[in-house]
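Here are my notes on the model. Please read them with the structure open.

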Amino acid sequence: MKQQNVHYFPGHMQKARRVIESYVKIVDLIIELVDARAPLSSQNPLLNQLASSKPRVVLLAKADLADPAVTEGWIEYFRSQGYAPVAGDLKKGKIVKALVQASEPLMKAKREKEKRLGMKKQPIRAMVIGIPNVGKSTLINNLGGKKAAAVGNKAGVTRAEQWIKLSDDFTLLDTPGILPMNYPDGAQAVRLALLGSMREDVLPTEDLAYALLGYLRGNYPAILKNRFDIADLCAVSSHETLIAIASRRGLLENGTPSTEKSAYLLIKEFKDGLLGPASLEVAPC
Ligand SMILES: Nc1nc2c(ncn2[C@@H]2O[C@H](COP(=O)(O)OP(=O)(O)O)[C@@H](O)[C@H]2O)c(=O)[nH]1
Ligand SMILES: [Mg+2]
């Protein structure tokens, strides 16, 4: 696929940098959200620049839509990088406990400092950070569920932060840090578009569909066979596959199968998780 000339204005990046820098100062822990289907593509290295010294949980969001075996590989990968990885469906209650459990071991330095100073144990102050559409609001709403209460403003701060209290030991900033997307190459832009993190009109739908088809044919042929009833995938090209999908679903334009419509349908079904769990990126060895 051609390299696309789509870039954020430097001003946008500068603003993100300032906002995140100011938040990072007041938290003990970063919860970095990445999409489990393409964890590296959904990261932004800016975070490493701004928060390299903060303990970090890497939360592989939307793991319900990803290939579980591939997600296991990513968990190993992030652990080997020194982060505490957690994977899950952000809409489920279970994720709260998993997050709290992963966080406490990262607070060793904070706990030792409290002890040294003779202070009592202070709650962890955490914040959620990630690129658009990765699940930040979903997680904050989930974490801020019934039993949590806003713990109020901090005196003396002009634009006061709100903290959500998850337990006596854990509070969360109610505003997420939003990282701009990072896509140094076309393949990464394609992944971000397929995850729904990038505006749909940035890349042509048919280009995206061909990229997705190529990937699924190579890695998840059963998905295409089962969902669209394409028995001999090896015998048909990607273009013919799009025509077959259009025929099966009655997507016609002037009486003939429309690859434009089937391209759109394929992408939509992938985004909605209707094709079954699939990952777009495998952890490096
Ligand atoms: N299947 C699935 N969908 C999720 C998950 N987390 C978020 N979503 C969906 O992803 C979309 C974007 O989530 P949102 O929280 O608005 O992302 P934000 O832009 O990072 O705040 C919404 O449609 C959510 O319902 C998850 O773990 N699994
Ligand atoms: Mg949001």
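1. Ala, Val, Leu, Ile, Met, Phe, Trp, Tyr, Cys and Pro count here as nonpolar, Asp, Glu, Lys and Arg as charged, and the others, Gly among them, as polar. The shell has 16 residues, of which Leu90, Gly135, Lys136, Ser137 and Thr138 come nearest. A residue is near a molecule if its C-beta atom, placed from the backbone, lies within 6 Å of it. Helix H6 (residues 136-143) gives the largest share of this shell, three residues.

2. A word on conventions. This is a predicted model, where local features need pLDDT of at least 70, side-chain atom pairs count only at pLDDT 80 or more, and totals for chains, interfaces and linings use all residues. Residues are numbered from 1 along each chain as its sequence is written, while chains are lettered from A and ligands numbered from 1 in the order in which they are written.

3. The protein chain has 11 helices and 10 strands. Both are DSSP runs numbered from the N terminus: helices are H or I with at least four residues, strands are E with at least two. The C-alpha atoms fill a box of roughly 75 × 40 × 40 Å along the principal axes. Of the 285 residues, 37% count as buried. Buried means 20 or more other C-beta atoms within 10 Å of the residue's own, exposed means 12 or fewer, and partly exposed lies in between, with C-beta atoms placed from the backbone. Take the contacts between residues at least 6 apart in sequence: 67% join residues at least 24 apart. Contact means C-beta atoms, placed from the backbone, within 7 Å.

4. How do H7 and H8 cross? The axes of helix H7 (residues 186-195) and helix H8 (residues 205-219) come within 10 Å and cross at roughly 95 degrees. H7 is therefore roughly perpendicular to H8, a class that covers 65 to 115 degrees; under 35 is roughly parallel, over 145 roughly antiparallel and the rest oblique. Axes are lines fitted to C-alpha atoms, for helices over the stretch in contact, with angles from 0 to 180 degrees between N-to-C directions. H7 brings Val190, Ala193 and Leu194, and H8 brings Leu208, Ala211 and Leu212. By class, that is six nonpolar, no polar and no charged residues.

5. H8 also packs on helix H11 (residues 259-271), at about 60 degrees with the axes 9 Å apart. H8 is therefore oblique to H11. Residues Thr205, Glu206, Leu208, Ala209 and Leu212 of H8 meet Thr259, Glu260, Ala263, Tyr264, Leu266, Ile267 and Phe270 of H11. This contact has eight nonpolar, two polar and two charged residues.

6. Two phi values deserve a check. Most residues other than glycine have a negative phi. Lys62 has a positive phi of about 60 degrees, and phi of Asp229 is near 60 degrees, also positive. Lys62 is in the loop between strand E2 (56-61) and helix H3 (68-80). Asp229 is in the loop between helix H9 (221-228) and helix H10 (238-248). Are they buried or exposed? Lys62 counts as buried because it has 26 C-beta neighbours inside 10 Å. Asp229 is exposed, with 10 other C-beta atoms within 10 Å.

7. Finally, Pro123. It is in the loop between helix H5 (108-116) and strand E4 (124-130). With 16 C-beta neighbours inside 10 Å, Pro123 counts as partly exposed. Leaving out residues up to four places away in sequence, Pro123 touches Asp168, Asp169, Phe170 and Thr171.

Conventions: Two residues are in contact if their C-beta atoms, placed from the backbone, lie within 7 Å.
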